[in-house]
Amino acid sequence: MPGSGTAASAAIGAEPHIIVRNLTMAYGSFVLMRDLNFTVKRGDIFVIMGGSGCGKSTLMRHLVGLKEPAAGEIFYRDFNFTRAQPHERELMLRRFGILYQSGALWSSMTLAENVGLPLEEFTNLTPEQIRKIASLKLALVGLKGFEDFYPSEISGGMQKRAGLARAMALDPEVLFFDEPSAGLDPISSRLLDELILELRDSLGATIVVVTHELASIFTIANNSVFLDAESRTQIATGDPHEMLAHSTDPRVRKFLTRGAEKNGAENSHG
Amino acid sequence: MSMTQSQLRQGSIALDRSDSTLRLRLNGHWHLSRDLPAASSVIAELFKQPAPRVVSFDTSGLSGWDSGLISFLLEVESACRERGIKDDREGLPAGIRRLIELAEAVPEKEGTRAAARRASILERVGDRVLAYSVGMADFLTFLGDLSIAMFKFVRGKARYRTFDFMETVQQSGPEAVGIVSLIAFLVGVILAFMGAVQLQQFGASIYVADLVGIGMVRDMGAMMTAIIMSGRTGAAFAAKLGTMKVTQEIDAFTTMGISPLEFLVLPRVMALILMMPLLCLFADLVGILGGAFVGITMLDLSFSTYMRETISTFTFVNFIGGLAKGTTYGALIGLAGCLRGFQCGNSSSAVGDAATQAVVMSIVMVVAACGAFAVAFNILRI
């Protein structure tokens, strides 16, 4: 399995991991975004940003195969994810970990069962081993002792962290986060950011985050794509810090400075 | 002037027209809870020749206002814009001016209204037909996938949790016995009453036993059980799966490489297929007891004669027929419930719709299947 610790530091800026080519996203005949082209490198923390309703989450749904592209292709290294056979794709999916916006924990299972299910399904571990690993993953997200709670019995922030524990169950190569800070207080949100950084460094995983939280973006991201609803395509890619420093596009500047063009630049860096 | 008097003064408007300026004098209390003057009278004035070049406001007589005034002013302003008349907001209080500016800050997106417009009848009929054909294709795909999953289940290769399966068996079997017995008993009583009134006239009241026995075993037992289970279990399946769809739990299965069809639908459908025939058998028995109750209390038959008569009418084939129906109905209810749950939209009201549609769909399918069975049994001379 992936995630050998040694790769972590060397991996940043290394080979391309996710390649999106000429992707067009559409609902029926309504085109949401067209001509998306970007590359996520191994070990990147890649942010998909843009205003509300511009298709950030939809782009993530495409990346994990929940929605089929209207045109274009998605590659994971050399593997053509869009054109792959269902069973090949299933194998690829096992290397993904996904944290959904609301956590999406399976409500009829306890936290330990939630985290343990992927292990139960895809490994030959014994129930005791599974239980141990589930406890470990829950401990990693600060939920030690909550193994036998049901998702409805814990708070929203805890559900999110438990969702993250489940996403990490199979030591994924790629972690997807859909609006990780939505519905969290600033401190929890900050802790989650630190956890994301920690995961990248310890697992060497490539991380894709959908968010519009500026504080979060500048803390974690080293690469990004900026989607614009008006022109229905990407208008910038690259390191958000660079974007803030050098971008001349008023839409990008406006977003990255919270609309305060002039004096926002210096402040947001901190 | 006292406070109460001024509060009672309704909002009113006076128009002063000098050659190029139309001055709107707003007086009194402009609150939505009162009858406010319509903007149309002012707008009509704007269209009178020669048109004014400037519209200005005088609010010195205005004693109170809320959204009613703002919407009035917005209407007037948009009419002014259309005609190229300048509006002079100087005379308006600062609060009103700011709200108007806020309302106009984000211009209307082009095409927003077009999407919401009402389609013509032809377009709607066409859309509906297309939606039906898509729905039919979805149904067949689902049926096909489910068949494959069932084949895997039979070969012991399907991935699902035994606990889920047993839980659904518990919910759709033992827990349904109470309501099924009640309804079956009543149906037996009703059948017996209907028959008794007629048969008594010929002194053939013993044949009530035949009527109830055959009626329950061949049709009513399975049918009534199916209708109860549609409302009880089918709706529950749709609501549960629909909610899981809304909370992205189903997505979480898919992206984990676990087929939600195998994991969620299969144990549910299999549990129903397993439990329905048993429930039907039970309903048959209770229905017959209901008939016997009427026979004993109303027709002075003894329990043993009633039962002997009932048993003498049965054939093995009757039983098998009833069981086959029960199994089929179970599959249909499970299918409808799970399909509607999977097709659920992304809101809480969609979950309600999914449950409703699941019940309607399964009852329709059950009754249609009942008809098909009747024709088939007739041809086969069973």
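Trainee: In which hand of crossing does H2(B) pass H3(B)?
Mentor: Happy to start there, and keep in mind that this is a predicted model. Helix H2 (residues 39-47) and helix H3 (residues 67-83) of chain B have axes 9 Å apart. H2(B) passes H3(B) in a crossing that is right-handed.

Trainee: How are H2(B) and H3(B) oriented to each other?
Mentor: The two helices pack at an angle of about 20°. Angles under 35 degrees count as roughly parallel. H2(B) and H3(B) are therefore roughly parallel.

Trainee: Which residues of H3(B) does H2(B) meet, and how many of the contact residues are nonpolar?
Mentor: On the H2(B) side, the contact is made by B:Ala39, B:Val42, B:Ile43, B:Leu46 and B:Phe47. They meet B:Phe72, B:Glu75, B:Val76, B:Ala79, B:Cys80 and B:Arg83 in H3(B). By class, the contact has two charged residues and no polar ones, while the nonpolar count is nine.

Trainee: Moving along chain B, how are H11(B) and H12(B) oriented to each other?
Mentor: Helix H11 spans residues 260-299 and helix H12 spans residues 303-313 of chain B. Their axes come within 10 Å and cross at roughly 135°, and the crossing is right-handed. H11(B) and H12(B) are therefore oblique.

Trainee: What residues of H12(B) does H11(B) touch?
Mentor: From H11(B) come B:Ile288, B:Leu289, B:Gly291, B:Ala292 and B:Ile296. The residues of this contact divide into seven nonpolar and two polar, with no charged ones. The H12(B) partners are B:Phe303, B:Tyr306, B:Met307 and B:Thr310.

Trainee: And H13(B) with H14(B): what is their orientation?
Mentor: The axes of H13(B) and H14(B) come within 8 Å and cross at roughly 155°. Angles over 145 degrees count as roughly antiparallel. That is why H13(B) is, relative to H14(B), roughly antiparallel.

Trainee: How many nonpolar residues are in the contact of H13(B) with H14(B)?
Mentor: The crossing here is right-handed. Among the H13(B) residues in the contact are B:Leu332, B:Ile333 and B:Arg340, and the H14(B) side includes B:Gln357, B:Met361 and B:Phe373. The contact also holds five polar and two charged residues, and the nonpolar count is 15.

Trainee: How many charged residues line the largest pocket?
Mentor: Let's go through the classes. The lining has 18 nonpolar and 16 polar residues. The charged residues number 15.

Trainee: Which element gives the most to the second largest pocket?
Mentor: This pocket has a volume of about 530 Å³. Its lining of 18 residues has B:Ala131, B:Gly135, B:Arg340, B:Gln343 and B:Gln357 nearest the centre, and divides into 10 nonpolar, four polar and four charged. H6, H13 and H14 of chain B each supply at least two lining residues. The element that gives the most, with seven residues, is H6(B).

Trainee: How many cavities of 30 Å³ or more are there?
Mentor: A cavity is a space where a 1.4 Å probe fits but cannot get out. With the threshold at 30 Å³ or more, the count is one.

Trainee: Which element gives the most to the lining of the largest cavity?
Mentor: About 110 Å³ of space lies in the largest cavity, and among its 14 lining residues A:Phe96, A:Gly97, A:Ile98, B:Thr255 and B:Met256 are the closest to its centre. By class, the lining has 10 nonpolar, two polar and two charged residues. The element that gives the most, with three residues, is E6(A).

Definitions and conventions:
Residues are numbered from 1 along each chain as its sequence is written. Chains are lettered from A and ligands numbered from 1 in the order in which they are written. This is a predicted model: local features need pLDDT of at least 70, side-chain atom pairs count only at pLDDT 80 or more; totals for chains, interfaces and linings use all residues. Side-chain values use heavy atoms; hydrogens and water are left out. On a 1 Å grid over the protein atoms alone, a cavity is a set of points where a 1.4 Å probe fits but cannot get out, and a pocket is an open set with protein on both sides within 12 Å along at least five of seven lines; lining residues have an atom within 4 Å of a point. Grid points are joined across faces, edges and corners, and a volume is the space filled by probe spheres set on the points. Helices (H or I, at least four residues) and strands (E, at least two) are DSSP runs, numbered from the N terminus. Ala, Val, Leu, Ile, Met, Phe, Trp, Tyr, Cys and Pro count as nonpolar, Asp, Glu, Lys and Arg as charged, and the others, Gly among them, as polar. Axes are lines fitted to C-alpha atoms, for helices over the stretch in contact, and angles run from 0 to 180 degrees between N-to-C directions. Angles under 35 degrees count as roughly parallel, over 145 as roughly antiparallel, 65 to 115 as roughly perpendicular and the rest as oblique. A crossing is left-handed if the near helix is turned anticlockwise from the far one by less than a right angle, and right-handed if clockwise. Contact means heavy atoms within 4.5 Å.
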